[in-house]
Amino acid sequence: MPMRLSGLATGMDTEALVGQLMSAQSLKKKKMTGAKTKLEWKKEAWSDLNKKLTTLYNGSVSKLRLPSTYNVKKATLSDNTKASITADTSAVVGNYTMEVKQIASAQFLTSGKTSIGSTSQVLAKIGTEGDELNDMVGKKITFTNGSKSATLEIGESTDVNAFLKTARSVGINANYDTTQKKFFFSSAETGEANAFSITDSDADGNALNGTALSYLGLKSVEAGKDSDGNVSYKVNGKTIDQETYTDPDTKMALVAAKDSKIILNGAELTSSSSTVRANGLNISLTSKTLENQPVTFSVSNDIDAVYDSVKKALKEYNDVMKEMQKLYSADSSKGYEPLTSEEKRAMSDDEVEEWEKKIKDSLLRRDSTLAGITSSMRSALMTSTTVNGNSYTLSSFGIMTSTNYREGGLLHIYGDPDDDVYSAENDKLKKALTENPEEAVTALTNIFENLRKTMFDKMRGTEYSNALTFYNDKQMDKELESYKKDLKAWDDKMADIETAYYKKFAAMETAMAKLQQQSSSVMGLFGMS
């Protein structure tokens, strides 16, 4: 900003005079700035409301127009200590019997006690003294887990860590406990498909049947299948038929991997996990049933879940409608305009907040776009639909507007136990879903589809708005950009006007100085001081 020395000849406060002249010019800028601020606030208000409307559209409204939303099943079990059951939409309604024969488990292998002191101990020195080596050198130990296999060839410096790392490389949990002095192995997942083997062999690949493994408190363990296709194990080449086996020599303990097995309505079903999935049922097993003592369960339509979905959707609809009604019917803020920086400094923070809130609350008052959305959504849910020759509206299911006109057409489910006003009315919705579910579901999906289409049309992209937008966001952006350009142009114009004022005052100062100089000269000629 240039430095100006004014009023030297005239004695006038040029800065103050220019400031007063410019303040009059600033009134138009203040109005323009206030209009821009109100438009920015209005866009924010619409953006917040738009989020609520699109959430309603993408959530409950879009779901309730789909028949699958109403196709909810539930399972009721006679003994919840044996299993827990959930039913998908594809589950068949009816009664079932079930025996739990076996629950899936992982394979566990625990070595006998060893003389190993730490995981850094060299394998070839186990059971020896000094630098003496045992006959593990040159031997191979192989871990097999499904299609994965890894072999460790034992050298003079191969340590326990390398042995454990080889097991882990094929997905086997492996650890050595220095307190118990035992190795612990387990399959990472349950089921017979995850049974694993640990075997030893010489340099040429010939089986050693535990010769090298014996130093580790282990024997050769091979997982395979028996004639019935079930998992079976060989220990040092000999088949064992126990699910839990303890080796008499090394005290190695083996727990076989198992699949879950149930008998459901006479058919045997298996699973590698403790959950058996079949025919739309998810059966999570807890414990085995006693011999010839099956549990029973039934699958039925879950009326309560459907009822709650409709109830939830109507609550969300009511919440949005209340919000729109509040914005449309807000008190006027006539006489309130956005504050300038100078005006804010003269007020407390609370006063500024209250002042701005008054304006923001009224921004969508009597907004025609808002009125159109509200009216269209109400009308969409009031339409009728015909199913099998029968006409239905929401009122057919006891979904009614309140007798209190001040609510603005909010919806209530008559007979809803959570409704303080209408809980005593007949519950037509639950009755229809129970007695005539097919027609009720078709009617409800048609009505909510009508609401979905109406909302979709209201937020369809236009030259004034983007898609999924209920207000003219493009138009507002253009107007805001126009305000910015106008304000920039006005700032430039104001600078030119201010410069012009200073030039005029400078010219006056120059003229006055010349006049004073001439006057002094004349007075000097006449001998006047």
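## Thr250 and its surroundings

When neighbours within four places in sequence are set aside, Thr250 is in contact with Gly112, Lys113, Gly217, Leu218 and Lys219 in this predicted model. Thr250 belongs to the loop that runs between β13 (244–246) and β14 (253–255), and its side chain reaches the backbone nitrogen of Met252 at 3.2 Å. With a relative accessible area of 17%, Thr250 counts as buried, because the cut-off for that term is under 20%.

## The nonpolar cores

The largest nonpolar core is made up of 51 residues, and those with the most contacts inside it are Leu53, Met324, Met377, Phe397, Leu451 and Met455. At least two residues of this core are supplied by each of α1 (14–64), α4 (303–328), α7 (368–382), β23 (411–413), α8 (428–435), α9 (437–458) and α10 (473–525), and the largest share, eleven residues, comes from α4.

Met455 is in contact with Leu53, Leu56, Tyr57, Val61, Met377 and Phe470, again leaving aside neighbours within four places in sequence. Apart from this core lies another, of 36 residues, which includes Met136, Val160, Val221 and Met252; Met252 is also the residue whose backbone nitrogen is reached by the side chain of Thr250.

β17 pairs with β18 (residues 281–285) in the antiparallel sense over four bridges, and the bridge partner of Val276 in β18 is Ile283.

Terms used
Residues are numbered from 1 along each chain as its sequence is written. This is a predicted model: local features need pLDDT of at least 70, side-chain atom pairs count only at pLDDT 80 or more; totals for chains, interfaces and linings use all residues. Side-chain values use heavy atoms; hydrogens and water are left out. Buried means under 20% relative accessible area, exposed over 50%, partly exposed in between (1.4 Å probe, protein chains only). A polar contact is a pair of N or O atoms within 3.5 Å; within protein, one must be able to donate a hydrogen and the other to accept it, and residues adjacent in sequence count only if both atoms are side-chain atoms. Contact means heavy atoms within 4.5 Å. A nonpolar core is a set of buried Ala, Val, Leu, Ile, Met, Phe, Trp, Tyr and Cys residues joined through side-chain atoms within 4.5 Å. Two strands pair if DSSP finds at least two bridges between them.
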